[in-house]
Amino acid sequence: MRDPAPHGWKTIKTAAPDGGVEWYDQAPDRSTAYGFQVKFVHTIDDLLGQARKSAQTVGSNREHRNITQLTFFVPFDLPDPTPITPAGRERAGARDKWNRAVVDWKQELPGLADVEIKLVGGGQLLERLTEPGNEGRRWFFFEQHVLGSRWCREQLEISRAVAAARYTPQHHIALRLSSVVDACALAPAFRQRVVRLTASLKKNTTELADCLDAWQAADDGHLKTSDLERWSNLLRNDTTALTAALTTSDLLSGFPASAAIDLLAEVESAGREAAHLAAEHHEQLAGEPTWDPMSPEDTQLDDDPVRRVLARITNDYGTADRVEEACADLRGLLESTAAASAENRTWLLLGAAGQGKTHLMVDAARRAVEEQRPALVIFGHELTGTDPLTEIARYRGLGGLSSTHLLQAMDAAGAASGCRFLLMIDALNDAADPGKWRTSLPALFAALTPYEHIALVISCRSTMTEAVLPQQLDAPRSTHPGFAGREAEALEAYLCELPAAVPRAPLLTPAFTNPLFVKLYADSLREAHLAGRAHRYNPRDRSAVFDAYVDTQAREICQRLHLDPLLRQVHAAVESFAARLAHSNRAIIPRAEAQLLVDSHAPSATAWPDTMLQQLISHGLLSNERLDDGVGVGFPYQAFGDDRIVRSVFRKYQADIAQLKHAGALDHDAGLVDWLTSASPNHIEAATALLPELANMELLDVLGTRVDVDGASVRQRVLHQALITTLPLRRADSVTQRTVTLLNEAATRQGMSSALLECTLAVTTDADCFYRGEGEPRLRSVREPVVLR
């Protein structure tokens, strides 16, 4: 509600200790500033005591911040009655008391004589609130329960409920990527990191500058030191400017990472040149006759102040090294995605299905709410992609609030918190029509531009970027790594209540980098333990893990759509979808085709988003995917999709499966053989794991000889590789003596000893693995060892 800063001036928000003002407008040359202070009091007596303290602080701080105009804001007006009562007695009104106090302060308090002190009361504030353009701010301040801390907590609980199994705080693994969200919002953790790094740089550059000054003062003139003063001044001045830009500027209106990098480059250059000259002179002095290599260096340093200074600069981890390290640390931050998001107020998070994008966003909102910062997570399936701000207001209980009023309120909430309002939209690809984001997203970015206290974070499936995102999207971006490099730690977190179940072998199976698979793995093992069958259960049985996943999500979808779980309509919808993909030999089908197919299994659920298709997408069983001519639908996780598709094929050819199981062979023109012969490598992998479970036959024995001579060696190699790759994910009782023989063939005939060794190590020390024995790994209940050559 303050007056805008004069043209060219900069508005800066202070932090404790605030120097007597909550924010100030600073002139371009920093020669003068206008300060502002808010006092939430309701009587003149309370105001005078608090305002005097602030004014006194302003006066004593003018050497560092030259406040020449000080304005106080209060929520009440100062009454100004007549000076004489009806009874004829003198009286002093609130306005008179204020004016007299200001005169006294200017006379009594140091530094205030030439400071203009003003007061803006409640009436003036209300008048400004009623001006056009302040509707959202007026709504925020007078409807404080909305967008305040309580409202944000309520919205967080809604987001946690919507995210459901995608957010598991009890199994949280702290990833460095989460710091980017904090930076985008300019959270205290990020700003404190900036302060630490700039303080370290300032400390070390000051020490180096002091050394250069001492060198120049002690030099007898026989060495060239004309650059020392220039380097010293540059180190001091540029570091001071750099520190001010990053820590005392108005960070809410922009984090100046790009400009700071330019200043840092000058500091680095001065430090390197000074260090090089110091090393050169130190070497020259070491070669002079007065330098005795056999005498203790400390003794010689005491006798020569130049040598003493040069040693301080050039010693291992001396001042030059410390400046270089401090510059590298700060540069690492300034060139990071975190700094770019802080500067741009936006961040785009990409990643494969199940990588943990939703968990990261909801957890960022949790941290914000706990720190009394405003934050809101919206999910793509809640939006159509047409008018996101209006839809956000409607879906989160704000009624028909216009987009402008919503942004004004968010901006006011961010300003009141001292950080940015963190608006997060997760999974743009899950919107009813994801392609609409290509036009609505640039409009959303443009709408947010004037609001300096709002940060926007969005996420999208990596495979959907071309279909969802506009070609020119000016936003820093990152790709979620999942649990890559943290697999063991993640499993320990997910199995904390079952520590004996944590695998003792190295987790060499790539699937464990995907948080979704880790969760499914842990949930399946936990359910097996509760059912009393953990002793015979191998949770690496990937197909059983996927079955358990479908069962879990089906229960939640049935509850949402009011379906009878005993009718297994969700399972039927997934099976129908998989069968359609298998029949058409496609990984993705058009959305309209998928909608017609899947929704037929719940014909009464027609109100989006409570339709079968949308719920399958929201619960991670299906996903929106990109097609060349628009948006299609596929399985979100490739291994999951491959498993469901191959299972549907095996159901279709049940007669062939039965013949294999009882006769051990199939006719060459059998339909199952024809399909497997033309199957993709991914489907071959899934079939390699599933066929032995259903028919007691290895896929190699079914397809090993059914290829043309020219392609025989290639097909054999593909099949052997699939056998090794899927072995750790198979059901234990599907591994037979024939499996061991084929593994030996892979090692000896196909040269896959290294791959087989990795496969063996992945499971060999597990309590319920396929291998057991002393010395060389051996398959349980199988006499012949796996040969590793």
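By salt bridge I mean a side-chain nitrogen of Lys or Arg within 4 Å of a carboxyl oxygen of Asp or Glu. D610 sits in the loop between α23 (591–599) and α24 (612–618), while R560 belongs to helix α21 (residues 542–561), so the bridge ties together parts that are 50 residues apart in sequence. Helices here are DSSP runs of H or I with at least four residues, strands are runs of E with at least two, and both are numbered from the N terminus. D610 is partly exposed at 27% relative accessible area, and R560 is partly exposed too, at 41%. On this scale buried means under 20%, exposed means over 50%, and partly exposed is in between, with a 1.4 Å probe and protein chains only.

Before going on, a note on the model. This is a predicted model, in which local features need pLDDT of at least 70 and side-chain atom pairs count only at pLDDT 80 or more, while totals for chains, interfaces and linings use all residues. Residues are numbered from 1 along each chain as its sequence is written, and side-chain values use heavy atoms, with hydrogens and water left out.

Now the whole chain. It has 32 helices and 13 strands. Of its 789 residues, 52% are buried. The accessible surface is about 35,800 Å², and carbon and sulfur atoms hold 51% of that; the area comes from the Shrake-Rupley method with a 1.4 Å probe, and for residues only the protein chains shown count as cover. Among contacts with a separation of 6 or more, 70% are between residues 24 or more positions apart, a contact being heavy atoms within 4.5 Å.

Back to salt bridges. How many are found in the whole structure? The search finds 29.

One of them joins R373 to D182, with 3.9 Å between the closest N and O atoms. R373 is in the loop between α14 (357–370) and β7 (375–379) and D182 is in helix α6 (residues 178–184), so this pair ties together parts that are 191 residues apart in sequence. R373 is buried, at 3% relative accessible area, and D182 is buried at 12%.

Another joins D363 and R366, at 2.9 Å from N to O. These two are three residues apart in helix α14, which means about one helical turn separates them. D363 is buried, with a relative accessible area of 2%. Both pairs belong to a network of salt bridges that links D182, D363, R366, R367, E370, E371 and R373.

Next, two single residues. Q408 is in helix α16 (residues 403–417) and is buried, at 4%. Its C-alpha atom is 9.6 Å from that of H453, which is 45 residues away along the chain. E745 is in helix α31 (residues 737–748). Is E745 buried or exposed? E745 is buried, at 16%. Leaving aside residues up to four places away in sequence, E745 touches H720, R738 and Q750.

Last, the surface. D316, D321, E324, E325 and D329 gather there in a patch of negative charge. Patch residues have over 30% relative accessible area and no salt bridge; like charges are joined within 9 Å, and nonpolar side chains (Val, Leu, Ile, Met, Phe, Trp, Tyr) within 5 Å. Lys and Arg count as positive and Asp and Glu as negative, with His and the chain ends not counted. Each charge is placed at NZ of Lys, CZ of Arg, CG of Asp or CD of Glu. E324 lies in helix α12 (residues 319–334) and counts as exposed, at 56%.
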